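Thanks for coming, everyone. I'll take a few minutes on one model, so please have a look at it first.

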Amino acid sequence: MSRSHGLASEFRAQAWTAPTRTPLYYPDAVTLVPGADSAMLAARIDTIAPGASVKDSFADLDLTEAGFQVLFEAQWIHRPASAPATTSDLAWDVAGDPETLRAWALAWDDGDGNADLFRPELLDDPATFVLAGHSPGGRVTAGAVASRSSQVVGISNVFALDGGPDAAWPVVLDAVHRLFPTLPVVGYEHGDDLAVAVRHGFEPVGPLRIWLHV
């Protein structure tokens, strides 16, 4: 997502970081190992511009001295590739052009004014798949973003215009199973959305924490 907005970022041993503010809803740092150095993280991101956040992947940091507070606690979730395939009444496809991506973004945004977050440059990333579920009339009504690695498929931005994540997960999991039948599915959720994910075959496998600079 940061690359699609023309922003630089860097992977080091302890964390991924972006030196300038990242797009809305996306973290400025993500820890890659337990026990990352809190001072180092804070020094590598922009804490002057409002809204800086850190994805504490192991829920083991204390960033209060750096001016952060906990935004929410969540759980990593995992669904094995061997889990039963799901079926959905919705047809689906992968957004492959700016027009389709725009339709997906407008549905995901549902009038909040943030659809421009998803830029056409995102389509240039070969590991990113924007999954769109369609009504019988062809309107985008559900979807998610799938990020493929060699070992797993990460899912984020799960939505459905009617029925919420309970309506979204069947079409998303159907798409993922058909596209990547040998890969487990991972992500993170919290609150009611976590309970929904568990109903659809996911298992919580560990805590994470999102910190927001105040």
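One definition before we start: a residue is buried under 20% relative accessible area, exposed over 50%, and partly exposed in between. Take Asp125. Its relative accessible area is 22%, so Asp125 is partly exposed. Bear in mind that this is a predicted model.

Asp125 has a partner. Arg3 forms a salt bridge with it, and the closest N and O atoms are 3.5 Å apart. Arg3 is exposed, at 64%. Now look at where the two sit. Arg3 is in the segment before strand E1, while Asp125 is in the loop between helix H2 and E7, so the bridge ties together parts that are 122 residues apart in sequence.

The count comes to eight salt bridges. Here are some others. Glu10 pairs with Arg12, with the closest N and O atoms 3.1 Å apart. Glu10 is partly exposed at 35%, and Arg12 is partly exposed at 46%. Asp28 meets Arg21 at 2.7 Å, N to O. Asp28 is buried, with a relative accessible area of 0%. Arg21 counts as partly exposed, at 21%. Then there is a network: Asp56, Glu73 and Arg209 are linked by salt bridges.

Next, Thr17. Is Thr17 buried or exposed? Its relative accessible area is 2%, and that is under the 20% cut-off, so Thr17 is buried. Thr17 is found in strand E2, residues 15-17. Its side chain makes a polar contact of 2.7 Å with the side chain of Arg44. Beyond its sequence neighbours within four places, Thr17 is in contact with several residues, including Ser9, Glu10, Asp28 and Leu41.

On to the nonpolar side. The largest nonpolar core has 23 residues. Among those with the most contacts inside it are Leu131, Trp169, Val172 and Phe202. Strands E7, E8 and E9 and helices H3 and H4 each give two or more residues to this core. Which element gives the most? That is H3, with seven residues.

A second, separate core has 15 residues, and it includes Leu101, Ala107, Phe118 and Val130.

Back to H3. This helix has 16 residues and reaches 23 Å from first C-alpha to last, close to the 22 Å expected. Its buried residues run from Ala168 to Val176 and include Pro170 and Asp174. Leaving aside neighbours within four places, Val176 is in contact with Leu131, Val153, Ile155, Pro181 and Val185.

Definitions and conventions
Residues are numbered from 1 along each chain as its sequence is written. This is a predicted model: local features need pLDDT of at least 70, side-chain atom pairs count only at pLDDT 80 or more; totals for chains, interfaces and linings use all residues. Side-chain values use heavy atoms; hydrogens and water are left out. A nonpolar core is a set of buried Ala, Val, Leu, Ile, Met, Phe, Trp, Tyr and Cys residues joined through side-chain atoms within 4.5 Å. Buried means under 20% relative accessible area, exposed over 50%, partly exposed in between (1.4 Å probe, protein chains only). Helices (H or I, at least four residues) and strands (E, at least two) are DSSP runs, numbered from the N terminus. Contact means heavy atoms within 4.5 Å. A polar contact is a pair of N or O atoms within 3.5 Å; within protein, one must be able to donate a hydrogen and the other to accept it, and residues adjacent in sequence count only if both atoms are side-chain atoms. The expected span of a helix is 1.5 Å times one less than its number of residues. A salt bridge is a side-chain nitrogen of Lys or Arg within 4 Å of a carboxyl oxygen of Asp or Glu.
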